[in-house]
Amino acid sequence: MATTPSSPSTAPGVARSGRPASLDVFTYDEGIVRLFVLATILWGFVGMLVGVVIALQLPFWPANLGEYLTFGRLRPLHTNAVIFAFAGNAIFAAIYYSTQRLCKARMAFDWMSKFHFWGWQAIIVGAAITLPLGITTSKEYAELEWPIDLAIAVVWVVFAVNFFWTLAKRREHHMYVALWFYIATIITVSVLHVGNSLALPVSLWKSYPVYAGVQDALVQWWYGHNAVAFFLTTPFLGLMYYFLPKAAERPVFSYRLSIVHFWSLVFLYIWAGPHHLNYTAVPEWAVTLGMLFSVMLWMPSWGGMINGLFTLRGAWHKLRDSVVLKMFVVGITFYGMATFEGPMLSVKTVNALSHYTDWNIAHVHSGALGWNGFMTFGMIYWLVPRLWKTPLWSPRLANAHFWTGTLGILLYVLAMYASGVTQGLMWRAFDEAGRLLYPDFMETVVQVIPMYWVRLIGGSLYLGGVVMMMVNVWQTLRRAPKHLPDPAFALPRAEAAA
Amino acid sequence: MKRFLDSNGRHRRLEGWPLVFTLLTTGAILLGGLVEFLPMVLIQDNVTQIATVRPWTPLELAGRDLYIREGCNNCHSQMVRPFRNEIERYGEYSKPGETVYEHPFLWGSKRTGPDLARVGGKYPNLWHVRHMEDPRSTSPRSIMPPYDWMLRKPLKTRDLPTKLARLRTLGVPYTDDEIARAEELARAQAAEIAADVAATGGPEGLADKEIVALVAYLQSLGTGLTAPAGEAARGEAPEAPLATQ
């Protein structure tokens, strides 16, 4: 019933092949995975460094260093770098590593893999140049202007063709659950990106979206929310389903649960976008639908968390010695907390308090730092020794990374919870005479500045953890063999034909 | 259900058909978006039109694009929710019909600074110039960065006719005359604002600087409910909307 990612194939026809001479020999492209892993680490550092800079700019405005480096221009750079450069390269590393093994097939086209890698890095560099120049659409997580949007579409299509072609020529009949999540990711991100980026160019670096006002708001948050769903959730669940059983050496807890939570997750997520627009000038029925589906979404989200954590049943003692499992457990726990918090924040009465405050900032960072960050770090610590055929330079330093990062996230989210609730309560406070208790907005700004400093400390600790990982990976790579051949495998020919 | 979920059930068979699996996934993810979005496009009544809401003047549009360039929307929302405390603080709550010409919408998601949906007419032009040059000169303890370069950088108006024409393609009702004279209209409105700034004791010579466009845009925010159409289109400073504290 439950299967591990690499369970031996039981495809029909094995028994018929009695000729040992006819072997189907194939290799996996590991070079591409190594590239994506290195890019993940590099962009993770850059994206989080920009995050620390803008965290400093809030309590200390002189850190806005002139026209090109103000908070307003760097904040989109931070979000894009962390989502599309750090998490993006991480999921590509996960997909290229695990898809080949789950399909028992090399990626269909090596040139497409390379095109995908270098194209994606070029897009990131394009974002890092244009966003500080003030070239932006203003739409959150879709700030890049139309020429870069077109480049994203091209690279994504190449990625999709390469992926589906690999599925088509797989040697393993059944697609393991990780692949379902990758399929959902590739399809939905294409639909979202095209749907939200439709715009009429005015010049090379300026365009106006085809939607206006209420429609633009709904399309944007259909995109924005599902970028979280299909760029930061489904591919990471795929990552979890592959790497967690590998690291724990245990099969996934429940095959049935994975079916139920996959289909309910991909169906329900799309509806939830309008909860970003509670009480705004969009029709009531739309935001109410968004709220209802957001609350329902809690269940399939926790289905994923339960399937992840219960995979460790009988293996919890392994956490003592495995930094990979420690990272995964904290990551999945943050996933559970963030996916409880999300539905809660979407409920109108809660949203009335939380919206526009730092509470949202806490929420997204428990997702991005806790879930995406720690799942990525766990994967990297598992992959690096295997990809470079060298033991990790310092497990102790990796352990230090784990604890520094965990402490960093906790400081970060606690500070932002305190700040967010403070803002929300102060904005709505009335005195006995029915007048605003804090009519001067500035009072509510000054009140949370100490929390901004705590957040800066938390974020710096988290970045410090990433620096430890960079040192550790660098030292490991220095000791790695010069020649790293692609691993080769052989199957009896008849099985391949099945 | 059991037959579907068993380890050799129907879903197991589906796992061997990537194409069918992909098509089913595509259907599952399309449905919600279509149900929520299509009524917004097909049923006009979803957004009530407001007669006094007008497109931006060319100068205001230039200012809006500067607002986007600087990423003001990262810290300032433009959406007053229908709560007593927000109406007390900012003014009348925002209506769907007020944003029908907004390509893109700029409602924002974060209030590090105050909401700006009703800021138009709240302060004199000079206040905005001083505030952008040095936010702490008008708002002590502010954490906003200065935007002093907007008082120095020349305002580009050359692409305004194209911008208006593109927006008309998307449904914003600009006339041929407005498109043809976009630069001229922008310069005239800029001269008025610059003259007002100078007359109230502010710096001279801002008529061809970016700051006047931004001020024009900020002064237009939230005035759609009250500004008499036509009058404001000529670039006169509209009256303050509903009384704020």
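**Exercise 1. In which helix of chain A is the place of Leu77(A), and is Leu77(A) buried or exposed?**

Before starting, note that this is a predicted model in which local features need pLDDT of at least 70 and side-chain atom pairs count only at pLDDT 80 or more, while totals for chains, interfaces and linings use all residues. Residues are numbered from 1 along each chain as its sequence is written, and chains are lettered from A and ligands numbered from 1 in the order in which they are written.

Step 1. Leu77(A) has its place in helix H2 of chain A, where helices (H or I, at least four residues) and strands (E, at least two) are DSSP runs numbered from the N terminus.

Step 2. A residue is buried if 20 or more other C-beta atoms, placed from the backbone, lie within 10 Å of its own, exposed if 12 or fewer do, and partly exposed in between. Leu77(A) has 26 C-beta neighbours inside 10 Å and therefore counts as buried.

Step 3. Two residues are in contact if their C-beta atoms, placed from the backbone, lie within 7 Å. Leaving aside residues up to four places away in sequence, Leu77(A) touches Val50(A), Ala127(A), Ala128(A), Leu131(A) and Pro132(A). The C-alpha atom of Leu77(A) is also separated by 7.6 Å from that of Gly47(A), which stands 30 residues apart from Leu77(A) along the chain.

**Exercise 2. Describe chain A as a whole.**

Step 1. The secondary structure of chain A comes to 16 helices and four strands, and buried residues make up 54% of its 498 residues.

Step 2. The radius of gyration is taken over C-alpha atoms, and the globule rule is 2.2 Å times the number of residues to the power 0.38. For 498 residues a compact globule would have a value near 23 Å, and the 23 Å of chain A agrees with this. Along the principal axes, the C-alpha atoms of chain A fill a box of roughly 90 × 50 × 45 Å.

Step 3. Of the contacts in chain A with a separation of 6 or more, 85% are between residues 24 or more positions apart.

**Exercise 3. Work out how two pairs of helices pack.**

Step 1. Axes are lines fitted to C-alpha atoms, for helices over the stretch in contact, and angles run from 0 to 180 degrees between N-to-C directions. Angles under 35 degrees count as roughly parallel, over 145 as roughly antiparallel, 65 to 115 as roughly perpendicular and the rest as oblique.

Step 2. In chain A, helix H5 (residues 177-197) and helix H8 (residues 255-269) pack at about 5°, with their axes 11 Å apart, so H5(A) and H8(A) are roughly parallel. Here Val177(A), Trp180(A), Phe181(A) and Ala184(A) in H5(A) meet Ser258(A), Phe262(A) and Val266(A) in H8(A). The residues of this contact divide into six nonpolar, one polar and no charged, where Ala, Val, Leu, Ile, Met, Phe, Trp, Tyr, Cys and Pro count as nonpolar, Asp, Glu, Lys and Arg as charged, and the others, Gly among them, as polar.

Step 3. In chain B, helix H10 (residues 182-199) and helix H11 (residues 210-220) pack at an angle of about 90°, with their axes 9 Å apart, and H10(B) and H11(B) are therefore roughly perpendicular. Gln189(B), Ala190(B), Ile193(B) and Ala194(B) in H10(B) meet Val212(B), Ala213(B), Val215(B) and Ala216(B) in H11(B). The residues of this contact divide into seven nonpolar, one polar and no charged.

**Exercise 4. Locate the largest nonpolar core.**

Step 1. A nonpolar core is a set of buried Ala, Val, Leu, Ile, Met, Phe, Trp, Tyr and Cys residues joined through C-beta atoms within 7 Å. The largest has 207 residues, and those with the most contacts inside it are Val212(B), Ala213(B) and Leu214(B). Helix H2 (residues 71-103) of chain A gives the most to this core, with 19 residues.

Step 2. Not counting residues up to four places away in sequence, Ala213(B) touches Leu59(B), Ala62(B), Gly63(B), Leu66(B), Leu155(B) and Ala190(B).

**Exercise 5. Examine the contact between the two chains.**

Step 1. The contact takes 69 residues from chain B and 73 residues from chain A.

Step 2. On the side of chain B that touches chain A, the elements giving two or more residues include helix H3 (18-42) and helix H4 (58-69) of chain B. H3(B) supplies the largest share of that side, 13 residues, and the residues of the side divide into 29 nonpolar, 24 polar and 16 charged.
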